[in-house]
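Here's a quick briefing to read alongside the sequence and the 3D view. Have both open as you go.

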Amino acid sequence: MTETSKPVLFSGMQPSADSLQLGNYIGALSQWTKMQEDYDAFFCVVNLHAITVPQDPAGLVARTRRTAAQYIAAGIDPAKSTLFVQSHVSAHAELAWVLNTLTGFGEAGRMTQFKDKSQKQGTDTASVGLFTYPILMAADILLYQAASVPVGEDQRQHVELTRDLANRFNSRFGDTFLVPEAHISKGTAKVYDLQVPTAKMSKSAESDAGLVNVLDPANVTKKKIMRAVTDDEGVVRFDRETKPGVSNLLTIYSVLSGQSVDSVVAEYDGRGYGDLKKGLVEVVEGSLAPVRERTEELLSDPAELDRLLAQGAERANEVAGRTLDLVYERIGLMR
């Protein structure tokens, strides 16, 4: 890639499962593919973040490749965007340490995601890495002088911390970092768990039954959709409060088909939930089958996939290295 005058965008996902799920695809990947046209985009597989909880080493390597392959298969173009693996750029860990020294203990302790996760895991088993996770995320963003950071609402607080750290560093050591903005698309649909339609679809769900995984075989996806929780009313209409299950199915149908929710409701007027689910199976398979096939193609040639990632890492190292050199110079660390 050549240098560009476009504003910089940075985002990434953890390789924490064998497949991304439909919420990742709709909420992140499909948005990224559009944004890469207007930004100098850096998309990262954030495997350093993944080891804040125990990982099987061989499994982590495999999931890292699988996640990168799904980025490309969903439309991230390595010729337009810089696609790389976080651990290939040592500046992420180096800048994170510098930012750790600027972050107050109480400030880090107020991060709601850490509080939630440490309560679930227990404070004795929650790692220090989990505690400093948002500071590594700040390093990820600031290294590339990102203007925009597409994230979900649950990550807004982390981007606010990033902004605070950038301003703090700039005020103490001189202008060094561009202060980023969180990009939270208001129009992006939220995808909920098929079995617990009041909870966001997530890789960390207790059961796989409510997840539509991008790489699931068609018959598995069909079974999950046909078993999705609905209600006893039997009427296809959108009402998030009283009909969360049906509303979730309508939302997914609308986003993937390009139809409005109202037009989907009209199409299934007078028909039952079974018909809606059968129609949704076709829509989901139509969207995910090409991604699944392209992912399998990329994974069948790991040398070529690794070449693309190495190419992205080369540019990422170049850009991140310039920022880190400036940081070290500003704070008095000898190279």
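Is Ser11 buried or exposed? With a relative accessible area of 5%, Ser11 is buried (buried means under 20% relative accessible area, exposed over 50%, and partly exposed in between, using a 1.4 Å probe and protein chains only). Before going on, note that this is a predicted model, where local features need pLDDT of at least 70 and side-chain atom pairs count only at pLDDT 80 or more, while totals for chains, interfaces and linings use all residues. Residues are numbered from 1 along each chain as its sequence is written, and side-chain values use heavy atoms, with hydrogens and water left out.

**Around Ser11**

- Ser11 sits in strand E1, residues 8–13 (helices, H or I with at least four residues, and strands, E with at least two, are DSSP runs numbered from the N terminus).
- Setting aside neighbours within four places in sequence, Ser11 is in contact with Trp32, Phe42, Phe43, Cys44 and Pro150 (contact means heavy atoms within 4.5 Å).

**Aromatic rings**

- A pair of aromatic rings is described by the distance of the centres and the angle of the planes.
- Rings of Phe, Tyr and Trp (its six-membered ring) pair if their centres lie within 6.5 Å; planes under 30 degrees apart count as stacked, over 60 as edge-to-face and the rest as tilted.
- By that rule, the count is 9 aromatic pairs.
- Take Trp32 and Tyr71: their ring centres are 5.3 Å apart and their planes stand at 90°, so this pair is edge-to-face.
- Trp32 belongs to helix H1 (residues 22–35) and Tyr71 to helix H3 (residues 57–73), so the pair ties together parts that are 39 residues apart in sequence.
- Trp32 counts as buried at 2% relative accessibility, and Tyr71 counts as buried at 0%.
- Ring pairs also join Phe10, Phe42, Phe84 and Tyr144 into a cluster.
- Over at Tyr328, Arg335 lies over the face of the ring, 4.4 Å from its centre (a charge sits over a ring if NZ of Lys or CZ of Arg is within 6 Å of the ring centre and within 35 degrees of the ring normal).

**A look at helix H1**

- How far should the 14 residues of H1 span at 1.5 Å a residue? They should span 20 Å, and the end C-alpha atoms are 19 Å apart, which agrees (the expected span is 1.5 Å times one less than the number of residues).
- H1 isn't straight throughout: there's a bend of about 30° at Ala28 (the bend is the angle between axes fitted to the seven residues ending there and the seven starting there).
- H1 is mostly covered, with 11 of its 14 residues buried; among them are Leu22, Tyr25, Ile26, Leu29 and Met35.

- H8 has 10 of its 10 residues buried, so it is largely enclosed by the rest of the structure.
- Tyr133, Leu136, Met137 and Asp140 are among the buried residues of H8.
- His49, found in helix H2 (residues 47–50), is in contact with Gln14, Gln86, Tyr133, Leu136, Met137 and Asp140, leaving aside its neighbours within four places in sequence.
- His49 is itself buried, with a relative accessible area of 2%.
- Gln145 lies in the loop between helix H8 (133–142) and strand E4 (148–150), and it counts as partly exposed at 23% relative accessibility.
- Most residues other than glycine have a negative phi.
- Gln145 has a positive phi of about 55° although it is not a glycine.

- Ala166 lies in helix H9 (residues 156–173) and counts as buried at 0% relative accessibility.
- Leu142, Phe177, Leu178 and Val179 touch Ala166, not counting residues up to four places away in sequence.
- Asp164 is also found in H9, but it counts as partly exposed at 39% relative accessibility.

**Out on a loop**

- Asp232 is in the loop between helix H10 (218–226) and helix H11 (244–257), and it counts as exposed at 82% relative accessibility.
- Asp232 and Tyr268 are 36 residues apart in sequence, and their C-alpha atoms are 17 Å apart in space.
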